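Dear colleague,

Please find the structure below, followed by an account of what was found in it.

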Amino acid sequence: NEEYPLSVTEQHAIKSQIERHWNVPIGVKNAYNIKITLYIALKIDGTVERIRLIDKKCFAIGDRECQAAIDSAIRAVKMASPLQGLTTARYAAWQEFNFTFDPSEIAY
């Protein structure tokens, strides 16, 4: 939401809650070549209302592996629902946003 951008604290809260549920599917070689962007809409209680694939970049992996990674990203968002620690007064900022899954940025 460009009118009400997410704060750094909100970005971190969302990222940590979703990424802890995301596992790159076993058998996906070159997982660092995956970038999946999802549109996520939340209700005011943090419950996920909608998820839509916005973009996928699956370099050097097959279609089946790419689809498995997309499915696992969507599953992670659903498992993180409802997201916690988001202030209802700032609902306009976090009501909807795009979230990119990028294995190269995840600290294990």
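A residue counts as buried under 20% relative accessible area, as exposed over 50%, and as partly exposed in between. Aspartate 55, at 30% relative accessibility, is therefore partly exposed. Lysine 57 is likewise partly exposed, at 34%. The side chains of aspartate 55 and lysine 57 meet in a salt bridge, with 2.5 Å from N to O. Please bear in mind throughout that this is a predicted model.

Further salt bridges

A search of the whole structure finds 5 salt bridges. One of them joins arginine 90 to glutamate 10, with 2.8 Å between the closest N and O atoms. This pair links distant parts of the chain, since arginine 90 belongs to the loop between H2 and H3 and glutamate 10 to helix H1, 80 residues apart. Arginine 90 is partly exposed, with a relative accessible area of 34%, whereas glutamate 10 is buried, at 7%.

Helix H1 also holds lysine 15 and glutamate 19, which are 4 residues apart, about one turn of the helix. Their side chains form a salt bridge of 3.1 Å, N to O. Here lysine 15 is partly exposed, at 29% relative accessible area, and glutamate 19 is buried, at 13%.

A further residue of helix H1 is glutamine 17. Its relative accessibility is 9%, so glutamine 17 counts as buried. Beyond its neighbours within four places in sequence, glutamine 17 is in contact with Ala80, Pro82, Leu83 and Gln84.

The nonpolar core

The largest nonpolar core has 27 residues, of which Ile14, Ile18, Ile36, Ile40, Leu42, Leu83 and Phe101 touch the most other members. At least two residues of this core come from each of helix H1 (8-19), strand S1 (34-42), strand S2 (48-58), helix H2 (63-80), helix H3 (91-94) and strand S3 (96-101). Helix H2 supplies the largest share, 7 residues.

Strand S3 and its partner

Strands S1 and S3 run antiparallel and are joined by 6 bridges. Within S3, asparagine 98 stands opposite tyrosine 39. The ring of tyrosine 39 also has the charged end of arginine 52 sitting over it, 4.5 Å from the ring centre.

Aromatic pairs

The whole structure contains 3 aromatic pairs. In one of these, the ring centres of tryptophan 22 and phenylalanine 101 are 4.8 Å apart and the planes are at 65 degrees, so the pair is edge-to-face. Because tryptophan 22 lies in the loop between H1 and S1 and phenylalanine 101 in strand S3, the pair ties together parts that are 79 residues apart in sequence. Tryptophan 22 and phenylalanine 101 are both buried. Ring pairs link Trp22, Phe99 and Phe101 into a cluster.

Tyrosine 91 and tryptophan 94 form another edge-to-face pair, at 4.9 Å centre to centre and 75 degrees between the planes. Both residues lie in helix H3, 3 residues apart, which is about one turn of the helix. Tyrosine 91 and tryptophan 94 are both buried.

With kind regards

Conventions
Residues numbered from 1 in each chain as written. Predicted model: local features only at pLDDT ≥ 70, side-chain atom pairs only at ≥ 80, totals over all residues. Heavy atoms only, no water. Core = buried A, V, L, I, M, F, W, Y, C linked by side-chain atoms within 4.5 Å. Buried < 20%, exposed > 50% of the residue type's maximum accessible area, 1.4 Å probe, protein only. Pairing = 2+ DSSP bridges. Contact = heavy atoms within 4.5 Å. Phe/Tyr/Trp six-rings, centres within 6.5 Å; stacked < 30°, edge-to-face > 60°. Lys NZ or Arg CZ within 6 Å of the ring centre and 35° of its normal. Salt bridge = Lys/Arg side-chain N within 4 Å of Asp/Glu carboxyl O.
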